[in-house]
Amino acid sequence: MSAKAITEATGKDILNRHLNQHGAGAANCRFATVNAETDWSKLSADQPWLLTTPLVVKPDQLIKRRGKLGLIGVKKNFEEVKQWIGERINKDQKIGNAVGKLRNFIIEPFIPHTEAEEMYVCIYSHRSADTILFYHQGGVDIGDVDAKAVKLDVKVDSTLSLADVKTTLLKAITDASKKERIAKFIYGLYATFADLYFTYLEINPLVVTADNLYILDLAAKLDSTADFICRPKWGEIDYPPPFGRDAYPEEAYIADLDAKSGASLKLTILNRNGRIWTMVAGGGASVIYSDTICDLGGASELANYGEYSGAPSEQQTYEYAKTILNLMTSSPKHPDGKVLITGGGIANFTNVAATFQGIITALREFQPKLVEHNVSIFVRRAGPNYQEGLRRMRDFGSTLGIPLHVFGPETHMTAICGMALGKRPIPQVASVEFSTANFLLPGGQQAQADLKEANEAAGLGSALRSTTAQSIKLPPISADESDGSATTNHQQGQSNGANSSFNRKFFSNTTKAIVWGMQQRAVQSMLDFDFICRRDEPSVVAMVYPFTGDHKQKYYWGHKEILIPVYKKMSDAIHKHKEVDVMVNFASLRSAYDSTLEVLEFPQIRTVAIIAEGIPENMTRKLIVEANKKGVAIIGPATVGGVKPGCFKIGNTGGMLDNILHSKLYRPGSVAYVSRSGGMSNELNNIISKATDGVIEGIAIGGDRYPGSTFMDHILRYQSDPETKLLVLLGEVGGTEEYDVCAAIKDGRITKPLVAWCIGTCASMFTSEVQFGHAGSCANSDRETATAKNKALREAGAYVPDSFDTLGELIHHVYGELVKTGRIVPREEVPPPTVPMDYSWARELGLIRKPASFMTSICDERGQELIYAGMPISEVLNKDVGIGGVISLLWFQRCLPPYVCKFFEMCLMVTADHGPAVSGAHNTIVCARAGKDLVSSVVSGLLTIGDRFGGALDGSARQFSEAYDTNLHPMEFVNKMRKEGKLILGIGHRVKSINNPDVRVKIIKEFVLENFPQCPLLKYALEVEKITTNKKPNLILNVDGVIATAFVDMLRNSGSFTSEEAQEYINVGAINSLFVLGRSIGFIGHYMDQKRLKQGLYRHPWDDISYVIPEQYN
């Protein structure tokens, strides 16, 4: 929801900080807030005026008409206020149908005044203007303010003047000075309203005394989508739930997940102890599921409303599912058990298998509790990769220990609600329709036709028709208007308020578009659609992406690859592609406004689709005004787009190719639809394809409060199209656009049969206000309820079903009448061309296999969290295994004992650096001083590691191991190496000696001897050292030698490795790894040191070079 109510205290705090900056001249609102945790002594100390002023006290929980309800205490002292609150706090209060506890209160100073000084001011926004209401009398007895108040509309593209306020709103104010003060206040209030993105602001009363203006009671709503613009001015805003519904921490958790995600995650808890829980994908679908549950008598047991949509990740879906399952299983058990309805429409782009994997993980986690609470689960879903998702869910269900019923698009979307509530039998075997793979393999089309014939033979098709005929009585369908009169009626409609930019066909099979944003999947989807529609050329001719330079992007056109140019600037794309008249805008909610304004400057663009959800309403309204001026049609915002079968589709509309083929969107039918919901548009494609000859055009105008185009804009377009025979409207609760459709049916502008249904009928069954998934789906009056709109549409002459459950049946019956009367002549079906499936998608569906190019056994980043050798990263951190533990996991694929991990860490510490003079550090320093980057400088140092510098660990381990394993006495080993003319690696030091021992060696040696269970090789090396130091004092066991021999002892004697594994690690060079890792730390230090010291290019001094030049040739 975009327009969200705030508490009176929050509203007054915002006005205190900003109102008088606009010259309103109002007194600051003094107030104190109180709840159950309030320390009254501290409160009075912080705000001493509470002890010296008569006070007013009232609850601050979005309760309307508090004065009428006796919920205001007036002219009380501080002690009386405490008593007044004490008598009410945490006590149940019934207001209308809602029952809730009073928890939050606001205390203000009492302002002495007369009734004559009370006035009423209200500002609210709507599609084309902001309306200011003013009445010279205010207070609790104001009555019908809509009838009494003077109204002034401030058009979206205009500004408010003081003169307008005085001449229009303040005619009843005769005192010139008073009029001036009130005018300045209203002017400043409106400026604040617009600047801070309020959507509603009501003051009743505004008290105007001789010396000041006081805001007494305040109600306000903010456009929450403007948070990224207004947060510095708003501060942190806490949006309270409506009265009668407590705020739950789980709701706040999901709201926080939603704010951090590009997906949409919503949760409202309706009845904590209810037995019917839902986990529904899609904003429109979530409303329809709630409607159906309530229609079936489940309103009192419905526990929650919510939705997940917009392609949430597996992890996000897991967190969402876990939250709902925790709520479900932490409430009291129900004698009839509980049900979980995991439903959804046909997704456009959400990977069903990925989201289901998150749900399965959560179900597995809660399996014992689900059994304990006797939970039954019903699943219905379709969309990209739904076959794999349903398969995984079925397979998991067989091990869950509770009933889990799984259905796909072969089952009506809401049928599982009836099954869950015991109102409909549960089929034992669902008839699974053909899926992605079968559509695209040879014979897939014929197999689909064979399945349809089998269903008809089994009576499935006839059952639909007979049920419909028995349950629905239709008024006669009026005759079609002639093409000419239909066009005339449409043109007449333009003069009656419809947008002239819609008096044309939007799309054809030659439509060309530019896509804003690097949306590769959506673009490929559009090109595949073009191909199966047998278009001659791709519909996408260019892309615009300002974050890269101009380049070309590779895509598939059927079987071959093509290049599509990507431009940094919109102007370049437009000027180089004069044939383009559509822009599909995938910009984010932050940049969609600017990018759309930019494209409106180019007259060749006639249609813009804005996909982003959550664009601030003021921005959307300005876009609508600008587009109307330029004669440009806008689809969206918050939409998936639209489709013109056989011609063009916007972005991800229609979903994957299997759904496009299944819904026959590759060729035109006779039915045109318009809906708000993008997800439900795909479900409509499915319903219409089953009930009729298919879709001729479908548009999802978007779920925001102010979509760029309206239902009427598109319905009148369809009315004037002679190829369109049947209209379908899917409206919803909130707004009044459906009444424009009613009026058009009555006055004859719409003559074609219209099947309509408004979702959200459940809203009237809830005791408190519920904001559904779309920003615009909230009724602000009885007239905006879905029930009232369905009734009005039926009375106007539209065909309205009893529920969404029977929408497809009604469409089928109306279509049948049109075929019977000859107004629709079904065409012979032509199979579309086969489009090759992308390799990545075919592999995900399990259709192909290919040897992997790489294999790994140490790390997996694909799941919910990173895994090191089987241990989740959270466990790595929680167990505090340290760097040594990480090394043991990633190098050796196991958790090694703590003393081994400590040994690794000690080795890293002692090998980290040995001064700037050694070759590796020297190289790093020279490179750093030559201006090279970090990686290049460190690599130059690492490349010096070998047998002569640092890299002797593996060689040392090998030499000592072979000698020990062949039972050579240490003296024999020394003599053998001398005889062969080989150095003993790990013995000897340039600086250190037996008299000046290396402390590093001493520390490691003592640790190993004390902590390792056995260390025979180290002891052997120490015996060798005794022999070599007798010859020369600097032939000591050095760092390489002590680490190498101790490492071998660890491999052989820690109990973690077999002898074969230990030898393999020695052979592959694993021991050198400790020196490489450790010394990298030092090299990085030297690099940073040189940069910090700002050392210049190094040149070796000539006097440190011995020049040995051959004598001059004679």
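The points below describe selected features of this predicted model.

1. The UniProt record, an unreviewed entry, places the feature "domain: CoA-binding" at residues 506-615. In the model, 25% of this span is helix and 29% is strand.

2. Helix 21. This helix covers residues 592-599. Its buried residues are Ala592, Tyr593, Ser595, Thr596 and Val599.

3. Disulfides. A disulfide is a covalent bond between the sulfur atoms of two cysteines. A search of the whole structure finds zero disulfides. Two cysteines can be taken as examples, Cys533 and Cys742.

4. Cys533. The closest cysteine sulfur to that of Cys533 belongs to Cys647, at 7.1 Å. A disulfide needs the two sulfur atoms within 2.5 Å, so the distance from Cys533 to Cys647 is too far for a bond. Cys533 has 11% relative accessibility and therefore counts as buried.

5. Cys742. For the sulfur of Cys742, the closest cysteine sulfur is in Cys758, 8.1 Å away, which is too far for a bond. Cys742 is also a buried residue, because its relative accessibility is 4% and the cut-off for buried is under 20%.

6. Pro832. This proline sits in the loop between helix 28 (807-820) and helix 29 (839-844). Although Pro832 is in a loop, it counts as buried, at 9% relative accessibility. Pro832 and Leu267 are 565 residues apart in sequence, and their C-alpha atoms are 42 Å apart in space.

7. Helices 31 and 32. Helix 31 spans residues 882-892 and helix 32 spans residues 898-911. Their axes come within 7 Å and cross at roughly 105°. Angles of 65 to 115 degrees count as roughly perpendicular, so helix 31 is roughly perpendicular to helix 32.

8. The contact between these two helices. Helix 31 contributes Gly882, Ile883, Gly884, Gly885, Ile887, Ser888 and Phe892. From helix 32 come Cys901, Phe904, Glu905 and Leu908. By type, the residues of the contact of helix 31 with helix 32 divide into six nonpolar, four polar and one charged.

Terms used:
Residues numbered from 1 in each chain as written. Predicted model: local features only at pLDDT ≥ 70, side-chain atom pairs only at ≥ 80, totals over all residues. Heavy atoms only, no water. Axes fitted to C-alpha atoms, helices over the stretch in contact; angles between N-to-C directions. Helix = DSSP H or I, 4+ residues; strand = E, 2+ residues; numbered from the N terminus. Parallel < 35°, antiparallel > 145°, perpendicular 65-115°, else oblique. Contact = heavy atoms within 4.5 Å. Nonpolar A, V, L, I, M, F, W, Y, C, P; charged D, E, K, R; others polar. UniProt positions renumbered as here; feature names shortened; annotations may be inferred. Buried < 20%, exposed > 50% of the residue type's maximum accessible area, 1.4 Å probe, protein only.
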